[in-house]
Amino acid sequence: MKILVTAKRVEDPESKIKVKPDGSDIVKEGLKYKINPFDEIGVEEGLRLAAKHTGEVVVVSIGGKEVQEQLRHALAMGANRAVWVNHTGPLDQLGIAGLLQKVAEKEKPDIVLLGKQSIDDDQNQVGQYLAEFLGWGQATFASKVESLESAEEKNKQPAVVLSADKKSVQVVREVDNGLATLEVQLPAIVTTDLRLNQPRYASLPGIMKAKSKPIEELTPAGLGVDVAPKIQVLKLAAPPARKAGIKVPDVAALVEKLHNEAKVV
């Protein structure tokens, strides 16, 4: 089984994000970066599938040379090799999906695992675009019935279940009224949600092995993809500052303020 997994570089959510005074971008000086948490969950699920069904995990990232840090992290977790699409300019979701389409056509995986969204722009579009471009079935927001404290999780069992004939997978996803189980024919696109698994830590031997694992470099031009953005970001703005809370002397005062000021009761 061959599994292709994305590993986007994003700002560490623990960093304090500030918008530039002109609203053109965020202030990037001093920021720390990490692999997108949803993608890291995808890497973990890919490793579990590969361990159970004897497969290869290939991780892919798009960006400048700095994204090799996130690729090495995925390789240290256990991925077999990496693909780096070297591009330093702006990208929109259509461009990203177009590049991943060409990588998928080149690698010919049985399944592509992507985070359901990235925590920097929260678009939740690339997996759906990629499925459309490839003409493959898709199962988004992959989750599972078992809790993250279950025996299945402790034994690192994959939640994406491969059929006996290895021609389809079953995916549990969260819906408004509970959980739904989807079956999609392979090859397929699966996007991962937070409750799918708990990613492993990269071990010291894994970190050492990652240094010698191959990273293949590709370019948008070499893949034949026009990545000129179709969407332009005009301006960024920080959310308005929250007002300070107040203390009330008793329940009656609280109800009065909720009724007359907040108008929620």
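Visitor: What should I know about the model before starting?

Guide: The model is predicted: local features need pLDDT of at least 70, side-chain atom pairs count only at pLDDT 80 or more, and totals for chains, interfaces and linings use all residues. Residues are numbered from 1 along each chain as its sequence is written, and side-chain values use heavy atoms, with hydrogens and water left out.

Visitor: Which residues does UniProt list for a domain here?

Guide: An unreviewed UniProt entry lists residues 23-227 as "domain: Electron transfer flavoprotein alpha/beta-subunit N-terminal". Positions follow the numbering used here, feature names are shortened, and annotations may be inferred rather than shown by experiment. In the model, residues 23-227 are 32% helix and 27% strand. The end C-alpha atoms of that span lie 24 Å apart.

Visitor: How are helices and strands assigned?

Guide: They are DSSP runs, numbered from the N terminus: helices are H or I with at least four residues, strands are E with at least two. Two strands pair if DSSP finds at least two bridges between them. Take strand 7, residues 137-143.

Visitor: Which strands does strand 7 join, and do they run parallel or antiparallel?

Guide: Strand 11, residues 188-192, runs parallel to strand 7, and four bridges join them. Gln 138 stands opposite Ile 189 in strand 11. Strand 9, residues 168-175, runs antiparallel to strand 7, with two bridges between them. There, Ser 143 has Val 172 of strand 9 as its bridge partner.

Visitor: How do I check the length of a helix?

Guide: Compare the expected span with the model. The expected span is 1.5 Å times one less than the number of residues. Helix 3, residues 93-107, has 15 residues, so it should span 21 Å; its end C-alpha atoms are 21 Å apart, which agrees.

Visitor: What about helix 2?

Guide: Helix 2 covers residues 68-77. Seven of its 10 residues are buried, so the rest of the structure largely encloses it. The buried residues include Leu 71, Ala 74, Leu 75 and Met 77.

Visitor: Which residues does Val 43 touch?

Guide: Contact means heavy atoms within 4.5 Å. Val 43 lies in helix 1, which covers residues 37-53. Val 43 is buried, at a relative accessible area of 1%. Not counting residues up to four places away in sequence, Val 43 touches Val 5, Thr 6, Ile 35, Ala 74 and Met 77. Leu 31 is 12 residues from Val 43 along the chain, and their C-alpha atoms are separated by 24 Å.

Visitor: How many salt bridges does the structure hold?

Guide: Side chains of opposite charge can pair when their charged atoms come close. A salt bridge is a side-chain nitrogen of Lys or Arg within 4 Å of a carboxyl oxygen of Asp or Glu. The structure holds 18 salt bridges. One of them joins Lys 2 and Glu 107 at 2.9 Å, N to O. Lys 2 is in strand 1 (residues 2-6) and Glu 107 in helix 3, so the pair ties together parts 105 residues apart in sequence. Both Lys 2 and Glu 107 are buried.

Visitor: Which network includes Lys 2 and Glu 107?

Guide: Salt bridges link Lys 2, Glu 56, Arg 81, Lys 106, Glu 107 and Glu 216 in a network.

Visitor: Where do Asp 120 and Lys 8 lie?

Guide: Asp 120 and Lys 8 meet in a salt bridge of 3.2 Å, N to O. Asp 120 lies in the loop between strand 6 (111-115) and helix 4 (126-134), and Lys 8 in the loop between strand 1 and strand 2 (9-11), so the pair ties together parts 112 residues apart in sequence. Asp 120 is partly exposed at 35% relative accessible area. Lys 8 is partly exposed too, at 25%.

Visitor: Arg 195 and Asp 193 also pair. Is each buried or partly exposed?

Guide: Their side chains meet at 3.9 Å, N to O. Arg 195 is partly exposed at 38% relative accessibility, whereas Asp 193 is buried at 3%.

Visitor: Which side chain of opposite charge is nearest to Glu 40?

Guide: For charge, Lys and Arg count as positive and Asp and Glu as negative; His and the chain ends are not counted. Glu 40 sits in helix 1. Glu 40 is buried yet has no salt bridge; Lys 34 is the nearest side chain of opposite charge, 5.2 Å away. Leaving aside neighbours within four places in sequence, Glu 40 is in contact with Ile 35, His 73, Met 77 and Pro 199.

Technical notes:
Buried < 20%, exposed > 50% of the residue type's maximum accessible area, 1.4 Å probe, protein only.
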